[in-house]
Amino acid sequence: MNEGATPTDEVLTLEELAAYLKVSETTAYALVRSGEIPGRKVGREWRFLKARVIHWLMQAGTEENMDKTGFVQRDELGGEFKQEGGQEYVALWLPLTREEKAAQIEKATRDGVNVSELVADYLRNWVRA
């Protein structure tokens, strides 16, 4: 820890977060993916400010923590969704490779269209095939 830093300035890895919460890494990751625990991806790894984790723990069950707007949640069937701006967005596992995804994003940028429209067209064509 840096001189003058407090224990709550500490940055935790996913493994350290799981140990701190006394849960499995799988459980910790599920909480992160659902948006329950505030964290940030740095490169390919998750990082968490201990102070924010402590705040999250202290807010459990309060009204402040009941609004899930903007966070990925799971429905009763295990599907992922989030609510944002009064709209519900459903997460889909798309049947395309990273290369196909990159090509779709490049095409959308080049054509000046919304990526969602291109993905919807891609899915319609995929279903017909």
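Residues are numbered from 1 along each chain as its sequence is written, and side-chain values use heavy atoms, with hydrogens and water left out. Since the model is predicted, local features need pLDDT of at least 70 and side-chain atom pairs count only at pLDDT 80 or more, while totals for chains, interfaces and linings use all residues.

On confidence, the protein chain averages a pLDDT (the predictor's confidence in each residue, from 0 to 100) of 78, and 76% of the residues score at least 70. Helices (H or I, at least four residues) and strands (E, at least two) are DSSP runs, numbered from the N terminus. Strand S1 (residues 11-13) comes out highest, at a mean of 94, and strand S4 (residues 73-74) lowest, at 70.

Next come the strands around S3, where pairing requires that DSSP finds at least two bridges between two strands. Strand S3 (45-49) pairs with S1 in the antiparallel sense over three bridges, and Val 11 stands opposite Leu 49 in S3. Strand S2 (residues 40-42) also pairs with S3, antiparallel over three bridges, with Arg 40 bridged to Arg 47. The hairpin of S2 and S3 leaves two residues between the strands, and Gly 43 there takes a positive phi near 65°. S3 itself shows two faces: Trp 46 and Phe 48 lie on the covered one, and Glu 45, Arg 47 and Leu 49 on the uncovered one.

As for the helices, H1 (residues 14-21) packs on H3 (residues 50-59) at an angle of about 40°, the axes being 12 Å apart. Those axes are lines fitted to C-alpha atoms, for helices over the stretch in contact, with angles running from 0 to 180 degrees between N-to-C directions. In contact terms (heavy atoms within 4.5 Å), Leu 17, Tyr 20 and Leu 21 of H1 meet Lys 50, Val 53, Ile 54, Trp 56 and Leu 57 of H3. Within H3, Lys 50, Val 53, Trp 56 and Gln 59 are buried, meaning under 20% relative accessible area with a 1.4 Å probe, protein chains only. The cover over these buried residues includes S1, H1, helix H2 (25-33) and S3.

Finally, there is an open sheet of three strands in the order S4-S5-S6, paired antiparallel. S4 and strand S6 (87-90) are its edges, each pairing on one side only. Strand S5 (residues 80-84) joins S6 through four antiparallel bridges, and Phe 81 has Val 90 in S6 as its bridge partner.

Definitions and conventions. Buried < 20%, exposed > 50% of the residue type's maximum accessible area, 1.4 Å probe, protein only.
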